[in-house]
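Let's take a walk through a protein model together. Have a look at it first, and then we'll go through a few spots one by one.

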Amino acid sequence: ATARAPPPRHKGLPPLMSASIILPLKGTKPAELSNALLSYYADVTKSRPPEAAAAAARTLDQVRERLSSIKALSDTTADAAATELLAYERQLAALARRLDNAGAALNVRFIWRDAFRPKQKVEKGDLDWERVCTLFNAAAALGYAASRAFRRGAQADAFKQLQRAAGCFAAAHDMVRPAIWGLDPRWEPASLSPDLGLEMLSALRDLMLAQAQHAFHQKAVDEGTSPSVRAKLAEQAALLFGAALRTLDSQELRDYVTEEGSLFKPADDSWLRRLRAAEARARAIAQEEAAAAAAADSSYGAQVARLRLASGLMRRAAAAAPDGSPERRSLEDESSSLSQRTRQAEQDNATIYQDPVPSAGALPRLEPKLFVKPIRPEDGVSSAQAAYADAFPALLPAATAAAVTQFHGEVHAKLHDLSTRTTSDAEKAQKALAELELPQALEACEADKRLPARLVRAIAKAQATGGVGVLEELLSACTALEKEAVG
């Protein structure tokens with residue numbers, strides 16, 4: 001009888017998808033956007049803003065005030081917050097396209113706190129800064145909503161939400177980079193809060209993709225996908241977790257993501273410890289899946305070697321988790337179960353299969369398989385959000401307004417030229433008809449049925465050169481040549 005280790009199921013996964021990787025929100029202070037926008041509208045157009053523009057401006061303030069009142073996410077607020085944050089960012093994007101320098105002329109100062117160090121505040125005066133900070137909070141809300149979906153067993157929802165969170169960080173990164181690069185950057189690089197640095201945004205994007213890949217792996221487990229495929233999915237999740245951890249656990253960022261201590265409270269590195277545990281556990285799962293694939297292929301020695309690696313990594317994950325936390329207890333239980341399965345596989349191989357056990361270094365590297373990508377905010381834009389800028393039809397960037405004016409001038413010039421040429425051609429036609437005594441000659445011949453001699457000679461000359469038949473032949477030849485050219 002054979003006694004193979006049962007395939008891993010990994011149900012629950014609290015260290016990866018619960019409060020462990022939840023991001024804090026960025027706080028903000030009030031900003032009077034609507035009054036500044038309507039005043040700018042009146043200055044530019046020299047007219048009173050229409051009601052549609054006034055209503056759209058008031059909506060911006062109302063939405064911003066509602067979103068800024070959210071101090072922490074919960075199961076009941078995360079989904080709605082994510083939806084409204086993304087809609088607000090899309091509205092800002094539509095408005096920014098109608099303004100020069102991302103709306104700097106509005107003279108509105110947007111003040112945002114650092115997510116990890118709330119005492120640090122950064123103030124900037126353009127809509128792109130407001131959008132970047134909003135995207136950070138949208139990603140945090142999507143990540144929280146994904147953790148809730150995962151706890152409910154809705155891996156497909158978590159999979160999509162985490163990719164959208166990654167897309168928010170990718171979009172924020174793409175907005176920050178051109179603003180701080182160059183000899184004369186719009187934003188001084190040192191003026192940014194650390195949570196919006198390029199390395200930080202890239203690491204958080206990878207973190208969301210890692211969790212999305214992990215969610216897809218769990219979906220494959222639940223659907224009974226083969227262990228060999230699951231091993232590739234798990235290995236890719238481990239690589240993404242590793243990429244995020246290398247940046248976030250670097251010397252430059254390690255202290256930053258650790259909550260500062262005080263006289264009565266020690267420094268709290270639990271967020272980073274949860275990330276370390278998640279990375280080690282992801283690597284353990286990849287090895288465990290590869291062990292199941294080896295057993296299915298009757299490679300029992302490789303199964304034992306993979307399970308030994310998995311057991312060591314799972315023990316490391318348990319040790320990395322915060323002391324006394326639910327994640328720590330869950331990982332310790334999982335590590336104990338995995339160690340037991342490893343001992344059973346070792347015993348089965350020693351007594352039944354007697355397959356040589358390779359060293360860890362002799363095992364082939366696992367092949368990763370990527371199934372995730374960032375879903376950018378604009379990919380989910382609704383028609384209502386896309387049409388938001390229609391509330392401000394008279395607002396155009398200076399360069400665009402100049403191009404429109406030039407276009408209208410060119411169109412007017414062409415129409416005037418056509419009108420002049422039409423008048424000239426009409427005069428020439430009138431002169432040619434007069435030389436042939438038309439239409440008076442035709443009116444005169446109504447009585448005697450005889451054409452004027454000059455007109456008869458013109459007709460005879462035309463007939464001598466072939467008349468209508470020759471013209472039809474020439475037209476047919478031209479048509480054939482045109483078809484040949486097109487073909």
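Which residues does Q161 touch, not counting residues up to four places away in sequence? They are D79, L142, A145, A146 and A149, where touching, or contact, means heavy atoms within 4.5 Å.

## Before we go on

This is a predicted model, where local features need pLDDT of at least 70 and side-chain atom pairs count only at pLDDT 80 or more, while totals for chains, interfaces and linings use all residues. Residues are numbered from 1 along each chain as its sequence is written, and side-chain values use heavy atoms, with hydrogens and water left out.

## Back to Q161

You'll find Q161 in helix α6 (residues 155-180). Helices here are DSSP runs of H or I with at least four residues, strands are runs of E with at least two, and both are numbered from the N terminus. Q161 counts as buried because its relative accessibility is 14%; buried means under 20% relative accessible area, exposed over 50%, and partly exposed in between (1.4 Å probe, protein chains only).

The side chain of Q161 also makes a polar contact of 3.3 Å with the side chain of D79. A polar contact is a pair of N or O atoms within 3.5 Å; within protein, one must be able to donate a hydrogen and the other to accept it, and residues adjacent in sequence count only if both atoms are side-chain atoms.

## A loop residue

Now hop over to D268, in the loop between α9 (251-254) and α10 (270-296). D268 is partly exposed, as its relative accessible area is 27%. Its side chain has a polar contact of 2.8 Å with the side chain of S270. Neighbours within four places in sequence aside, D268 is in contact with T258 and E259.

## The nonpolar cores

In soluble globular proteins, nonpolar side chains tend to be buried together. The largest nonpolar core here has 101 residues, and L33, W129, W271, L275 and F392 touch the most other members. (A nonpolar core is a set of buried Ala, Val, Leu, Ile, Met, Phe, Trp, Tyr and Cys residues joined through side-chain atoms within 4.5 Å.) Helix α5 (residues 127-151) gives this core its largest share, 16 residues.

Apart from that core lies another, of 16 residues, including A280 and M314.

## A covered helix

Last stop: helix α11 (residues 300-320). Of its 21 residues, 15 are buried, so the helix is mostly covered.
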